[in-house]
Amino acid sequence: MATSRSIRRAYDLRLGEIGLNLSQACLLAYVAEHGPVTQTHVAERIGMGRAPAGAIVDNLSDRSLLVRLPHPGDRRVWLLSATAQGLERAARIAEVDMALRTELREGLSREERHQLAETLVRLQSNLAGVFERHAGPEA
């Protein structure tokens with residue numbers, strides 16, 4: 001958990017240089033790559049609740065990085081799309097991500113990175129089982 005928190009802090013630090021935190025960057029990058037998409041879809045895909053995602057969408061919209069567009073099939077739903085400024089910022093996010101990933105991998109061999117990835121995938125699978133068992137048969 002300490003490593004996870006440190007990684008998040010490192011991303012927040014580096015992304016802060018371009019005026020974002022990790023949650024904002026994840027949401028904006030997802031919309032830039034996959035948009036237009038609904039807020040609910042984005043929240044589900046990046047593992048965030050709808051309410052926190054809504055606050056981030058409001059913030060990014062206020063900063064002219066995202067826009068809400070009417071959904072052609074459902075008047076109750078809005079689609080999120082990145083603006084030109086948002087697309088530029090998403091490109092900067094990718095640069096920050098690549099640079100930080102390079103730093104984080106320093107001193108790790110290809111074999112060590114592969115083993116780490118396998119271990120994390122196995123751990124993620126085990127966690128999925130925990131959540132399924134917790135949800136019970138009614139889920």
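The lining of the second largest pocket has 11 nonpolar, 1 polar and 3 charged residues. Here Ala, Val, Leu, Ile, Met, Phe, Trp, Tyr, Cys and Pro count as nonpolar, Asp, Glu, Lys and Arg as charged, and the others, Gly among them, as polar. The model is predicted, so local features need pLDDT of at least 70 and side-chain atom pairs count only at pLDDT 80 or more, while totals for chains, interfaces and linings use all residues. Residues are numbered from 1 along each chain as its sequence is written, and side-chain values use heavy atoms, with hydrogens and water left out.

The second largest pocket holds about 260 Å³ of space. Lining it are 15 residues, of which Ala25, Ala29, Tyr30, Glu33 and Ile93 are the closest to its centre. Helices α1, α2 (22-34) and α5 each supply at least two lining residues. The most come from α2, with 8 residues. Pockets were found on a 1 Å grid over the protein atoms alone: a pocket is an open set of points where a 1.4 Å probe fits, with protein on both sides within 12 Å along at least five of seven lines, and lining residues have an atom within 4 Å of a point. Grid points are joined across faces, edges and corners, and a volume is the space filled by probe spheres set on the points.

The largest pocket holds about 710 Å³. Its lining counts 16 residues, and Ile7, Arg101, Leu104, Leu116 and Leu120 lie closest to the centre. At least two lining residues come from each of α1 (2-16), α5 (84-104) and α6 (110-135). By class, 9 are nonpolar, 2 polar and 5 charged.

The protein chain has 6 helices and 3 strands. Helices (H or I, at least four residues) and strands (E, at least two) are DSSP runs, numbered from the N terminus. Their order from that end is α-α-β-α-α-β-β-α-α. The C-alpha atoms fill a box of roughly 50 × 45 × 20 Å along the principal axes.

Helices α3 (residues 39-46) and α4 (residues 50-62) pack at about 115°, with axes 9 Å apart. Axes are lines fitted to C-alpha atoms, for helices over the stretch in contact, and angles run from 0 to 180 degrees between N-to-C directions. The two helices are therefore roughly perpendicular (65 to 115 degrees). In their contact (heavy atoms within 4.5 Å), Gln39, Thr40 and Ala43 of α3 meet Arg50, Ala53, Gly54 and Val57 of α4. These residues divide into 3 nonpolar, 3 polar and 1 charged.

Note on methods: Angles under 35 degrees count as roughly parallel, over 145 as roughly antiparallel, 65 to 115 as roughly perpendicular and the rest as oblique.
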